[in-house]
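Please examine the sequence and the structure below before reading the notes that follow.

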Amino acid sequence: MTVIASKCPDYKVTVVDISEEKIKAWNSSNLPIFEPGLLERVLKARGKNLFFSAEIDRCIDEADIIFVAVNTPTKTFGEGAGKAIDLQFIEQTARRIKENAKSKKIVVEKSTISVRAAETMASILHAGNNSVQFEILSNPEFMAEGTGIRDLENPDRVLIGSRNTPSGLAARDVLMDIYLHWVPEERLITTNLWSSELSKLATNAFLAQRVSSINTIAAICEVTEADVTEVSRAVGMDSRIGSKFLNAGPGFGGSCFRKDILNMVYLCEHYQLNKIAAFWEQVVSFNDYQMESYVKRILQAMFNTLVGKKLAIFGFAFKPDTGDTRDAPAIYICKRLLEEKACLKITDPHALDNAMKDLQGMKGVDFIEDPYRAVEGAHGIALITEWASYKKLDYQKIFDAMEKPAFIFDGRNHLDHKALYEIGFNVYPVGKSALKHL
Ligand SMILES: NC(=O)c1ccc[n+]([C@@H]2O[C@H](COP(=O)([O-])OP(=O)(O)OC[C@H]3O[C@@H](n4cnc5c(N)ncnc54)[C@H](O)[C@@H]3O)[C@@H](O)[C@H]2O)c1
């Protein structure tokens with residue numbers, strides 16, 4: 001919404017949320033999320049054509065277009081638990097829109113939901129004898145956290161799904177007008193509602209599948225002396241495949257991949273497409289295996305015991321340039337390392353507050369902002385998030401502060417392994433042979 005406000009000065013954008021605390025933060029200089037470039041843009045547009053308000057009912061009534069971007073987590077209870085999307089927030093929002101709308105509205109699904117969810121929304125909005133007209137569009141969001149502003153300002157494509165009726169197409173054109181303020185027309189794709197909803201799930205499934213695919217190749221590399229960086233380069237230069245999303249690592253994370261694939265699995269099972277459900281579910285279960293493999297590599301390298309050993313964890317966010325830790329591999333990995341009775345010193349430039357919540361109540365873990373302090377007396381370093389700042393650290397100083405033999409487990413192949421080895425580290429990358437002095 002910040003990008004829309006900054007690109008469309010002729011529109012008034014008001015963001016509402018049931019969390020008054022978040023709205024308060026959005027109205028301060030301490031925004032509730034960290035995203036490069038966001039604060040500057042909020043400060044420029046806020047109070048001009050961008051507003052943050054907790055007065056949801058009034059804002060619903062005043063709006064012509066309502067973007068629904070509420071959370072759609074995986075259901076944790078009852079039918080479909082662990083797979084299906086919990087639609088309670090979507091339903092609450094639809095009911096509130098219906099209660100407060102006195103004039104016709106275009107309702108845009110921004111949240112990622114299941115295929116045919118627009119039907120549920122329409123049923124709620126049109127139930128009873130409300131004379132207000134609602135038109136529902138699907139406009140899934142493809143931006144990635146950490147590069148959100150760049151992705152939104154220069155999107156690969158903007159997808160708009162609508163009903164193929166005169167009022168559906170008219171609503172679609174209203175939304176297209178907004179994007180046409182800065183997105184070239186050829187990048188606007190229009191489809192029917194269901195294709196649009198499915199395209200979002202399919203995109204995340206394909207992206208996650210690429211990560212799992214390269215991680216399977218990394219596992220083969222580790223036992224055959226092939227090097228996953230070399231293999232990934234060779235594979236990625238095939239123009240049919242492309243080079244993006246081919247970096248091996250400790251597994252994918254984030255609030256979307258697992259949730260969206262499992263939602264697709266649930267959808268397939270619902271339609272008795274069981275082989276297809278099993279195909280996609282494998283992408284998720286392989287990711288669990290990958291996180292566990294990273295832990296096993298640490299355990300085996302450190303003489304099969306971590307009891308009482310200090311490990312510095314470099315990076316907790318699910319990716320760099322965000323403070324988001326939702327479904328971050330670091331959560332699983334740290335919990336497993338604690339189970340092995342290691343002592344963890346976790347450091348991250350922006351995610352420590354969330355890390356504290358994720359590991360709340362767990363013993364043997366400290367949260368330390370300064371990486372140089374985190375490594376004092378450590379037996380090993382586990383690099384889980386590839387923050388650019390970790391490349392610039394003085395690793396001789398770090399080595400000197402650590403117990404010997406000193407281990408480094410570069411879960412992202414982010415550092416200069418040869419240089420680390422020469423300093424004296426035992427280096428364990430992903431998908432490559434270890435460089436060890438032992
Ligand atoms: N985070 C991403 O990178 C990303 C990318 C693409 C799509 N999505 C999708 O966007 C949606 C939102 O994701 P998010 O990461 O921003 O989630 P989030 O949990 O960070 O934010 C959702 C917000 O909705 C608010 N909310 C819940 N119910 C409400 C209601 N009835 N009325 C008003 N506000 C309400 C919550 O208080 C919360 O602040 C999800 O469906 C997600 O799958 C997210």
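This is a predicted model: local features need pLDDT of at least 70, side-chain atom pairs count only at pLDDT 80 or more; totals for chains, interfaces and linings use all residues.

Residues are numbered from 1 along each chain as its sequence is written.

**Overall form**

- The chain contains 17 helices and 13 strands; helices (H or I, at least four residues) and strands (E, at least two) are DSSP runs, numbered from the N terminus.
- The radius of gyration of the chain is 24 Å, close to the 22 Å given by the globule rule for 438 residues, so the chain is as compact as a globular protein of that length. The radius is taken over C-alpha atoms, and the rule is 2.2 Å times the number of residues to the power 0.38.
- The C-alpha trace spans about 75 × 50 × 45 Å along its principal axes.
- Of the 438 residues, 42% count as buried. A residue is buried if 20 or more other C-beta atoms lie within 10 Å of its own, exposed if 12 or fewer, and partly exposed in between, with C-beta atoms placed from the backbone.
- Among contacts with a separation of 6 or more, 70% are accounted for by residues 24 or more positions apart. Two residues are in contact if their C-beta atoms, placed from the backbone, lie within 7 Å.

**Domains**

- The domain assignment gives domain 1 (2-200) and domain 2 (302-428); such bounds come from an automatic or database domain assignment.
- The centres of domain 1 and domain 2, taken over C-alpha atoms, are 37 Å apart.
- Contacts join 6 residues of domain 1 to 7 residues of domain 2. The side of domain 1 that touches domain 2 has 3 nonpolar, 1 polar and 2 charged residues. Ala, Val, Leu, Ile, Met, Phe, Trp, Tyr, Cys and Pro count as nonpolar, Asp, Glu, Lys and Arg as charged, and the others, Gly among them, as polar.

**Nonpolar cores**

- The largest nonpolar core has 47 residues, and I313, F316, C334, I381 and A382 have the most contacts inside it. Its largest share, 5 residues, comes from α13. A nonpolar core is a set of buried Ala, Val, Leu, Ile, Met, Phe, Trp, Tyr and Cys residues joined through C-beta atoms within 7 Å.
- Not counting residues up to four places away in sequence, A382 touches I298, L311, I313, F314, F409 and G411.
- A second, separate core of 25 residues includes L198, A218, W280 and V284.

**Ligand shell**

- There are 19 residues around the ligand, of which N71, T72, S111, T112 and E141 come nearest. A residue is near a molecule if its C-beta atom, placed from the backbone, lies within 6 Å of it.
- By class, this shell has 7 nonpolar, 8 polar and 4 charged residues.
- Helix α5 (residues 88-100) gives the largest share of the shell, 3 residues.

**Selected residues**

- A205 is found in helix α9 (residues 193-224) and is buried, with 21 other C-beta atoms within 10 Å. Leaving aside neighbours within four places in sequence, A205 is in contact with D260, I261, M264 and W280.
- Most residues other than glycine have a negative phi, and most peptide bonds are trans.
- The peptide bond from K404 to P405 is cis, with omega near -5°; P405 is in the loop between α16 and β12.
- D321 is not a glycine, yet has a positive phi of about 65°. D321 lies in the loop between β8 and α13.
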